[in-house]
Structures are given as C-alpha cells and as structure tokens.
Amino acid sequence: MTQAAAPPKKPISPRSIVGWVVLALILVFFTVFAVIPAWDILAAVMPTVIVQGLILGFVIAIIALGYTMVYGVLQLINFAHSEVFATGAVVGFEAFTILQNSPINAYLKLFIALLSAMTVCGLLNMLIERVAYRPLRGASNKLVPLISAIGVSFLLQDLLRLFEEVNRKLFNLSYNLPPEFTQSVTVGSVSVQSKEIMLVVVAIVMLIALNYLVNFTKLGKAIRAVAQDRQTAGLMGINANQMIQLTFLIGGALGGVAGVLYGMQYGTVNAYVGILPGIKSFTAAVLGGIGSIPGAVLGGLVLGLLEQFIGSVLSLVGSVLPADNPLKFLEAIKAEYKDIGAFIVLIIILIFKPAGLLGRATTEKV
Amino acid sequence: MAPITSAKPTTTKLVLEVSALRKTFGGLVAVNDVTLEVPRSSIVSVIGPNGAGKTTFFNMITGIYSPDGGSINLDGKNLVGMRPDQVTHEGIARTFQNIRLFRAMTVGENLLVGRHARLKAGYWDALLHTKKFHKDEAEGREAAQILLEFVGLGRKSGELAGNLPYGDQRRLEIARALATNPKVVLLDEPTAGMNPNETEAAKALIRRIRDELGVTVVLIEHDMRLVMTLSEYITVLDYGTKIAEGSPKEVRNNPRVIEAYLGRGAAAGEYGKEG
Amino acid sequence: MTAAKPPLSSPLRPPPRGSSTPQATILLIVYALVTSGLLLWVVSSGILDNLGNFRSLTISLSFAAFLTTLFFAYRWNAHPVVKILVAAVVLLVVLPIAGVANSSLLGLGLQIGIFAALALGLNIVVGLAGLLDLGYVAFFATGAYIWAIYGSPQLGKILGNPALEASKGLPGGYFWLFLFLGIAVAALVGVLIGLPVLRLRGDYLAIVTLGLGEVIRVLANNLTPLTNGPIGIVDIQRPPTGLIDGIRSGFNLSTSQFGLLFLYVVVLVVIGVIIVVNIRLENSRIGRAWIAIREDEIAAQAMGVPLVRSKIIAFATGASFAGVMGVIYSAVQTSITPESFTFFASIGVLSMVILGGMGSIPGVILGAAVVTLLNLDFLAALSEALSSLGLPNELDPAKYQRFFFGLILLLMMIFRPEGLMPTTRRKLELHLDDAPNDPDGSASGDHGSGDIGTFGKSEPSSLETTGRISNPVPSSTQNRSGGN
C-alpha cells in the first residue's frame with residue numbers, strides 16, 4: 001500500500017479558532033463603526049474601487065503566476081522576475097512607440113506588443129535560469145541560489161536602465177497608446193476606459209490558456225511531475241532541465257504580458273518599475289500558497305482589491321466619520337500605507353495558515 | 001552479560017507505555033491503535049515489512065508527529081503534545097533511519113550538541129564566561145569523550161562527521177543520542193547497510209548500552225538475525241496494525257508474521273531455521 | 001577516566017600556527033609603513049591639486065591600499081605582538097591623522113565601522129543560525145530613531161515643549177544611556193517580530209522579513225508627528241566631549257572634527273565588544289545550537305534544541321547590534337531620513353556577509369569594507385575620473401551601484417559561495433559531496449565546480465532524504481582559513 005498523496009489534516013487548532021473569532025470581531029466592529037455611518041459615500045465609491053482593484057489584481061496575479069510556477073519546480077524565489085516584468089513593460093513601450101504612426105489596427109498593435117514582450121521576456125527568463133540558477137542547483141545551502149537571484153535582479157535593473165538611456169535618452173517612458181484605448185465606456189455606475197477592458201480580457205485569456213496548458217496537455221503534466229518529484233520524473237523519462245526551461249519560458253512570457261498591461265494601464269514605466277509590483281506579487285503568491293497556480297490568482301486578486309481599498313477607501317471613510325467615532329484615525333491613513341497593507345495581511349495570514357490560503361502543509365519525511 | 005530471556009515482560013516496571021497510538025494521513029491509517037509496553041533496561045524490537053508504520057510510530061513517540069489518538073507515557077509522564085526537544089528533555093533519544101549527523105561539524109561538536117539538553121550554562125553565562133560556563137563546557141567535553149570511547153570513536157573527536165566512514169557515522173549517531181542522557185533510546189534501523197562484522201559490533205554495542213548504561217533500547221530493524229538474537233521482546237506491525245508480539249521464538253513461528261513478510265502460502269522457510 | 005581534551009576546532013580563530021616567521025613580520029611592518037606613508041602623503045601634500053579629476057580616485061585607491069594592511073596583518077604569519085601593534089597604529093594613529101587632513105576619509109572609516117558592526121550582527125542571524133532576514137535594516141532604523149527623537153529638537157516638537165526644542169532634546173550625555181537603550185529596544189523589537197515569524201520556513205521567512213523592513217520604513221515615512229516624515233530628523237546631538245576637551249585644543253581640531261573622531265573611537269570599541277560577543281556565543285551551547293539548526297533542524301530538535309526559542313535569541317542578538325549602531329549612526333550623521341533604511345540597505349548588509357563569508361568574523365568585516373568602499377567611494381571616484389576622459393553620461397559608473405552589487409552577488413554565488421574569507425566549516429559544508437554525472441538534470445543538476453547535494457533539504461517531496469553513503473571529497477580537515 002502506498003502513502004496517500006493528501007497531506008495530513010490537523011484537527012482544528014485553538015490558534016485557528018482564536019484567529020477566526022478575532023477576525024469576526026474585527027469585521028463586526030468595522031461594520032458598526034465605519035461601514036454604516038459612511039454608507040453613502042461607500043456605496044458611491046465601492047464600484048470603482050472594486051473595478052480598479054480587480055484590474056490591479058489581474059496584473060499582480062499574472063506576475064504572481066510567474067513566481068509561483070518557478071517556485072513549484074525549483075523551490076526558488078526568482079527575484080529577477082520583477083525585472084522580467086519591467087523588461088516586458090519596456091518592450092511594450094518600444095512596440096507602441098515604433099508602431100505609433102503606422103496605420104495598422106490598434107488591436108493588432110496591442111497584439112504585436114504582447115507577442116514581442118512574451119518572446120523577449122520568455123527568452124530572458126530562460127537565459128537567467130541557465131546562467132544564474134542551473135549552475136547552483138545542487139547547492140546544499142538554500143541561501144546560495146536565492147542570493148544569486150537577488151544579484152540578477154539588481155543587475156538587470158541597471159542594464160535595463162542603460163538600454164533605455166542609450167536608446168532613447170530617457171528614464172521615464174510614457175506609453176503612446178492608440179486613441180481607441182483611452183475611450184471611456186460606462187458599465188453600470190462605473191466608467192472604465194477601453195484599455196482597462198482590454199486588460200481584463202487579455203488577462204483572462206492568459207489565465208485560460210495557462211490553465212489549459214498546465215492541466216490538459218502532456219507538457220503541462222510533465223511540468224507538474226517535475227514540480228512534485230524531480231527525481232522520479234527523471235526516472236519516467238522526463239527531461240527535467242527542459243521542463244524547467246519551459247517553465248521559465250512560460251513564467252517569463254506571463255511576466256512580459258503583465259508588463260505591457262501595466263504600462264498600458266498606468267501610463268509610465270521605467271527600469272525600476274518592477275521592484276514594488278514584484279514584491280507585492282510574490283506576497284500574493286505566498287498569500288495564496290506558494291506553488292499553487294489557483295492560489296497565485298486568488299492571492300493576486302485579493303491583494304489588488306486590498307490595495308485599492310486601503311489606498312482609496314479607508315481615509316475617505318475616516319474623513320466622513322464624526323470626530324467621536326473610534327475609527328476616526330482612519331482618516332490619517334495615507335496612500336503610502338497601501339504598499340505595506342499587503343505585508344501586514346500576509347503576516348497575519350501566515351501566522352494562522354503557515355502554508356498560505358490554498359497552500360498545502362508539507363511534511364518532511366524523517 | 002544477562003542472558004536474553006524470552007519471557008513476556010509483565011512484572012518489571014515499564015519505563016515506556018504507549019497505548020492505542022493512532023495516526024491517520026488523509027485517508028490512510030498509518031498507525032492503527034498500537035500498544036507497546038517497554039520494560040526498563042531491556043532491548044525490545046519493532047519489526048514489520050516496509051511501510052508498516054514503524055518510523056511513523058517512532059516519530060509520534062518523539063514528538064515529530066502528533067498522534068490522532070492514544071497516549072505515550074514515560075515513567076508515568078504523558079508525552080503527547082510535547083515538541084521533539086521537550087521529549088528529549090524528558091528522556092527519549094533517537095537515531096534516524098537516514099543518518100542525520102551535523103556533517104560539517106566535528107565528531108566532538110556533534111556530541112556537544114547532543115549534550116544541549118543537559119548542559120546548564122545559559123546565554124548570559126556564555127557571554128560573560130562565568131565560572132558556571134567554564135565548568136559546564138568542561139563537563140560537556142568530558143562526557144563527550146567518555147561516550148566517544150564507549151562507542152569506539154575515542155580518537156576521532158576532531159574529525160569532521162561528514163568524512164567518517166559509514167559504520168562510524170552510525171556509531172556517532174548512537175553516541176550523540178546517548179549524550180542526551182536518555183532513559184530510552186529509539187534506534188531506527190541502526191544496522192542498515194552494514195556488513196556482518198559491523199552488525200556484530202553494533203549488536204555488542206547495543207547490549208552494552210543496556211547492560212552498562214542501563215538505558216532501554218527500542219529497535220526498528222529489518223535484519224532478522226539481529227532482531228531474533230538481540231531482542232527480549234518483539235512487536236510486529238503490518239499496515240499500521242500490531243499483528244503479533246512476544247518472545248523471538250514465539251514471533252518467528254507466528255503464521256501471521258510469516259505471511260506478512262513472505263506472503264500467504266509461503267512455507268515456514270528461512271526464518272524458521274534462524275538461530 | 002581520562003579527561004583528555006578533544007581538539008575541537010574553532011573555525012573563527014586562525015588556527016594556532018607554528019611559529020611566526022621573521023620574514024612575514026618584517027614584510028608586514030614594511031607594508032604598513034609604505035601604505036600609511038603613501039596615504040598620509042597623498043592627503044596632506046599638495047599633489048592632489050595637480051591631479052584634477054583623478055583626485056578622488058587617487059585618494060580612493062590609496063585609502064583602499066592602506067586598509068589592506070589590516071587584512072594582511074590578520075593573514076600573514078607575523079609575530080602576534082607586531083600584528084596587534086600594526087593594527088593599533090593603523091586604526092588609532094594613521095587613520096585619524098588622515099581623517100583630520102581629509103574629513104571624507106574619516107567619514108568613510110566611520111561608515112565602514114558602522115556597517116561592519118551591522119554585518120557582524122546579521123552574521124549571527126544568517127551566518128550562524130541560517131535565518132534569511134531581508135529586513136535587518138529595521139533594527140538599525142529603530143536604534144537610529146530612538147536617539148534621533150530624544151536627542152534632537154524633535155522631542156520638544158512632539159511634547160510641545162519649546163524649551164526642549166531649543167535644548168535639542170535631552171542633554172547630550174544621555175547618549176551613553178541610549179547606547180544601552182538602543183540595544184534593549186532593538187532586541188525587544190527583535191523578539192516581538194520573531195515570535196510570530198520565526199516559525200515560518202526559510203523562503204516565507206525571507207519575504208516576511210522583507211515586508212517588515214518595508215513596514216518600518218513606511219511607518220517612519222508617514223508617522224510625521226513622531227518621526228518628521230520624509231524630511232527626517234535634523235540637528236541630532238553628538239555626545240559631549242567636554243571632559244577631554246584638552247585633547248581637542250591640544251591638537252587644534254574643530255569641535256565637529258573632534259566629535260567625529262571621538263565617535264570613531266566609540267565605534268571601534270563597540271566593534272571590539274561585538275567581536276568578543278560573537279566569539280563567545282559561537283563557542284557556547286547556544287552557538288552550537290544555532291549551527292545545528294542551520295545544518296538540520298529536525299536533528300537539532302531531536303537533540304533537545306528548542307527551535308523557536310533559539311532562533312529568537314539569534315534574532316534578538318543580531319538586532320541588538322544593529323540597534324546600538326543605529327544610535328551611533330544618528331549621532332554621526334546628525335540627521336537621518338527614512339531613505340537611509342531601505343530594502344537596498346538590507347540587501348547591502350546581506351551582500352557584505354555573503355561576500356566576506358557567512359559565519360566568518362574577519363570575512364564579514366572584509367565584506368563590509370569592500371562593499372562600503374565600492375558604494376560610497378570608489379564608484380563615485382571612478383566616475384569623476386572617467387568623466388574627464390569623455391565617457392558618455394549614460395555610462396557613468398556612479399549611477400550603476402545596483403549593477404555592481406548584483407554582479408558581485410551573482411559571481412560570488414557561482415564561483416565562490418563560501419565567501420572571500422570563509423570559515424573552514426562553511427567551505428566544507430558547500431563542497432562536501434561528489435558530483436555524479438547527470439545529463440538531464442533529474443538528479444540534482446550538472447554543476448561544474450563539484451558542489452552537489454540534494455537540492456534543498458526541507459522541500460515538499462515525498463522522497464526520503466537519503467542518508468548519504470557517498471565518499472565525500474576529502475577536503476582536508478586541517479584546512480586553514482587564516483594561515484598560509
């Protein structure tokens with residue numbers, strides 16, 4: 001009889017009960033003191049917040065997928081992924097700029113931009129794996145490949161900057177989008193730009209394609225095999241190195257797509273644009289359970305919504321509360337706090353669920 | 001050396017009492033209500049085919065897994081729920097099926113880590129180099145040296161653990177476990193990979209652990225000769241359940257045991273003739 | 001029973017040598033004289049004015065050459081008394097003199113000292129206990145802000161007390177008290193952070209500590225009533241040197257110069273204490289526990305080592321070093337902003353530890369010197385020199401700090417992961433096993449330099465971690481990290 005693949009299910013621990021109770025209490029408190037008094041303004045603002053949150057969430061989710069897939073096969077945080085994302089943003093800028101005056105269809109331009117970014121970034125990621133990670137694959141100390149990843153990340157930041165400064169004598173690159181993309185469309189009570197709709201469409205298409213690839217193709221099965229058990233996969237005739245390179249290719253391509261989408265959405269990019277989204281996306285991947293593809297998507301969406309919420313809603317709510325309301329301090333929450341909101345949530349989640357929301361608790365065989 | 005008896009240990013005081021221990025992983029019951037009674041200063045074995053749940057059983061006793069049911073009593077004290085380091089403090093030590101030495105530390109340092117639970121000087125003593133610290137360190141080194149000589153590694157204390165030949169590594173693991181001053185030591189396949197000479201030496205060492213140190217030994221083993229000639233009492237697991245227990249003679253003639261190892265329909269075969 | 005003392009090797013003291021050689025002693029003395037002489041001549045003679053854009057580069061190179069004296073004092077087989085004398089003269093005589101002649105050198109020396117102490121602190125966390133802390137700078141910030149708030153007008157601003165504002169906070173003598181407070185508070189923060197966080201696995205720990213570092217920085221940037229936000233706190237006091245003012249006037253130094261010199265000596269003393277603490281802890285029960293945890297957590301636990309508790313102690317100890325240095329940093333800079341405490345700074349300290357050699361005391365000090373010189377001095381000097389050669393602005397080296405950082409980290413990990421001055425233990429750890437041939441990467445990777453082991457120890461693989469019955473490469477157990 002073989003061991004079942006499912007991980008040990010622990011009985012519900014007291015810590016987890018405390019966690020749920022505290023969470024419930026916080027939600028009740030918040031509802032009573034903030035949601036109800038500020039209902040009107042909340043109702044007005046929430047739809048936009050949710051839409052913008054989802055948009056950001058999709059971008060983060062796609063970046064997070066790159067982190068999570070690489071982690072799945074190599075148990076390595078690919079720190080350089082943030083720079084692959086930045087490269088995608090720069091490639092997108094170049095594509096749109098070069099095609100700026102050409103008469104071809106706007107959506108075709110987007111397609112070209114995405115394809116170029118996917119290609120360049122996929123290849124870049126593969127190169128990184130070959131040069132910086134594969135030589136270190138046998139290291140007995142886990143810190144070694146991680147530090148190498150950090151090194152590559154810093155290296156690429158400046159290389160990217162060099163490229164654009166030499167090429168265009170610019171640091172900040174503003175996307176030159178075709179006018180079709182900036183048209184406003186009203187959906188329900190929210191007004192969105194057509195580029196935002198495009199973003200979501202592209203993101204969802206990517207996710208569907210990835211899901212198909214990973215779960216319904218032979219290649220996908222091979223990747224999953226290597227992620228679960230590299231040695232045995234090798235014994236089954238799978239060339240692990242090739243599968244790992246394929247994973248990096250896919251992860252890089254996703255990063256490239258995310259870069260273009262980000263540039264489209266937020267307008268301006270530069271060589272260092274990857275740093276903060278990279279950290280947030282990795283946080284999202286961990287939040288959802290590192291190594292889990294649905295987890296990365298869930299984590300990304302949750303983080304996007306959370307960030308919008310903290311950045312836009314909290315201080316707004318605080319400002320309309322009466323002075324004697326205990327939650328009045330919310331007014332003082334400045335926008336910068338949204339960047340660390342993710343971490344705080346991550347820490348809290350990891351305290352109660354050390355493997356992340358959808359992660360599997362792993363046991364080492366002793 | 002006391003002769004190995006085959007009497008079932010009932011009247012002697014039990015140092016370790018494990019009752020109805022149970023562990024389920026997802027849908028699989030790895031250990032199914034297993035009871036083990038270990039008398040003080042004895043050598044008992046837990047055997048069974050691969051996958052029978054023996055190491056999981058050990059892991060629960062030492063606190064690495066928490067049992068889903070049952071109790072573990074060491075000299076009357078309940079160990080369930082304790083962390084592994086707490087269990088070691090209480091007096092259960094172990095070796096590992098796959099050697100887990102601190103390979104980049106020297107032999108001596110490995111033993112000193114083993115001594116961690118029994119050394120008394122703390123953080124501030126170390127910082128300030130108090131008298132207590134010096135005395136503690138000296139005592140630790142002395143104990144380490146004694147134990148190394150006990151297992152036959154007396155002259156290798158400066159060598160790197162990772163550089164030792166395989167047999168020495170096994171012995172070092174045992175010495176390190178003994179450094180924790182245990183009441184009971186759990187040896188998980190201590191002679192795996194050993195040739196007959198090394199196995200005999202290991203056997204002698206295990207006996208000396210019981211006779212000279214008074215430490216109780218619980219053994220997981222696959223080498224049937226070793227098990228039959230060394231153990232006072234044997235418990236047999238199969239698919240997580242205890243299928244037999246008793247003296248070596250009783251166990252080796254037990255049809256269920258033979259079936260578990262050799263399959264239904266097998267003749268009494270080799271094991272029946274072992275001395 | 002024989003109480004024979006087993007020869008347990010201590011990897012950080014250079015192993016007891018045979019006898020020192022007179023050649024090495026003389027060589028050391030000569031080298032020290034030459035480099036010190038060169039440095040003093042460069043800073044005090046007028047030659048620099050003739051060098052134009054190469055001025056900074058010349059100073060840089062002479063200073064670096066001068067500092068290598070300390071390196072060789074450590075490694076060469078010279079007479080121990082001479083070694084100590086040379087080090088003392090270099091640090092306590094020549095450097096101060098050069099620093100007075102050229103204040104940027106004194107500042108540089110101070111920065112190297114401060115970061116060396118930080119690196120020693122992180123060395124305990126990462127190098128000994130194996131905990132990847134990417135937010136170490138948070139403890140540094142804690143110490144810095146404590147003194148900055150209490151020892152500057154900020155205190156008066158917070159309390160609404162104009163008198164306190166005018167007096168620039170508490171009397172300057174409180175600095176000494178705050179040195180200890182810095183230790184205590186940083187250690188406390190370390191414990192508080194460690195309690196929930198240190199039970200997480202390696203990679204999770206890394207990202208969480210990174211996050212916490214950022215949280216501290218953002219808090220410092222936004223809690224303006226307390227920390228004065230992005231502008232930072234200015235006018236921070238230095239400890240008063242009234243009692244030894246005689247020395248100051250004797251040497252005809254300005255108050256500011258003397259204050260800086262004084263702090264320089266304080267830094268050296270603190271580093272000395274930190275080194276002693278490091279050595280004592282490493283060769284004790286807790287130090288061995290840390291190394292055991294780093295090697296194999298499960299085995300360590302089985303030996304009775306309490307995991308979370310030991311990790312928290314490592315964390316708190318490392319934090320306390322950063323805390324005390326933070327207090328000193330505030331006084332040296334006399335003004336701080338949240339921008340000094342970024343993720344980049346944490347990675348900077350980490351790269352010092354990696355470059356020098358994890359777990360190796362002389363190594364991380366060397367790493368600190370190299371990285372600090374590179375970042376704060378050499379790149380800028382190089383860029384100044386190259387600019388006169390018509391180098392296009394885009395290729396200005398000073399703008400490429402990250403590039404060089406990254407390159408150092410990458411190259412070190414590929415070619416010499418044990419660092420420049422590794423401990424014996426670390427070298428063996430990283431090169432312990434043989435490399436089997438593995439063409440498709442399914443075993444563990446086709447690495448050239450021979451380090452192969454199973455990739456990662458505690459991973460979600462259902463494979464048993466195999467007890468290695470390999471024949472390890474017989475790297476000599478007598479391998480010395482320091483001798484020659």
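Reader: How are helix 6 of chain A and helix 9 of chain A oriented to each other, roughly parallel or roughly antiparallel?

Author: Two packed helices are described by the angle between their axes and by the distance between those axes. In this predicted model, the axes of helix 6 (residues 194–216) and helix 9 (residues 240–266) of chain A come within 10 Å and cross at roughly 170 degrees. An angle over 145 degrees counts as roughly antiparallel, and therefore helix 6 of chain A and helix 9 of chain A are roughly antiparallel to each other.

Reader: Which residues make that contact between helix 6 and helix 9 of chain A?

Author: Helix 6 of chain A contributes Lys195(A), Glu196(A), Leu199(A), Val202(A), Ala203(A) and Met206(A), while helix 9 of chain A contributes Leu254(A), Val257(A), Leu261(A), Met264(A) and Gln265(A). Sorted by class, the residues of this contact are eight nonpolar, one polar and two charged.

Reader: Which residues does Leu118(C) contact, leaving aside its neighbours within four places in sequence?

Author: With those neighbours set aside, Leu118(C) is in contact with Phe140(C), Phe321(C), Ala322(C), Met325(C) and Val349(C). For the chain as a whole, 76% of the contacts in chain C with a separation of 6 or more are accounted for by residues 24 or more positions apart. Chain C comes to 19 helices and zero strands, and of its 484 residues 51% count as buried.

Reader: Where is Tyr337(A) placed, and is Tyr337(A) buried or exposed?

Author: Tyr337(A) lies in helix 12 (residues 337–352) of chain A, and Tyr337(A) is buried because 20 other C-beta atoms lie within 10 Å. Not counting residues up to four places away in sequence, Tyr337(A) touches Ile310(A), Val218(C) and Asn222(C). Sequence and space can also be set side by side for one pair, as Tyr337(A) and Gly311(A) are 26 residues apart in sequence and 7.1 Å apart in space, C-alpha to C-alpha.

Reader: What should be noted about the backbone of Asp75(B) and of Glu189(B)?

Author: Asp75(B) has a positive phi of about 50 degrees although it is not a glycine, and phi of Glu189(B), also a residue other than glycine, is positive and near 50 degrees. Asp75(B) is in the loop between strand 4 (69–74) and strand 5 (77–78) of chain B, whereas Glu189(B) is in the loop between strand 7 (184–188) and helix 7 (196–213) of chain B. Asp75(B) counts as partly exposed because it has 14 C-beta neighbours inside 10 Å, while Glu189(B), with 20 C-beta neighbours inside 10 Å, counts as buried.

Definitions and conventions:
Residues are numbered from 1 along each chain as its sequence is written. Chains are lettered from A and ligands numbered from 1 in the order in which they are written. This is a predicted model: local features need pLDDT of at least 70, side-chain atom pairs count only at pLDDT 80 or more; totals for chains, interfaces and linings use all residues. Two residues are in contact if their C-beta atoms, placed from the backbone, lie within 7 Å. Helices (H or I, at least four residues) and strands (E, at least two) are DSSP runs, numbered from the N terminus. A residue is buried if 20 or more other C-beta atoms lie within 10 Å of its own, exposed if 12 or fewer, and partly exposed in between; C-beta atoms are placed from the backbone. Axes are lines fitted to C-alpha atoms, for helices over the stretch in contact, and angles run from 0 to 180 degrees between N-to-C directions. Angles under 35 degrees count as roughly parallel, over 145 as roughly antiparallel, 65 to 115 as roughly perpendicular and the rest as oblique. Ala, Val, Leu, Ile, Met, Phe, Trp, Tyr, Cys and Pro count as nonpolar, Asp, Glu, Lys and Arg as charged, and the others, Gly among them, as polar.
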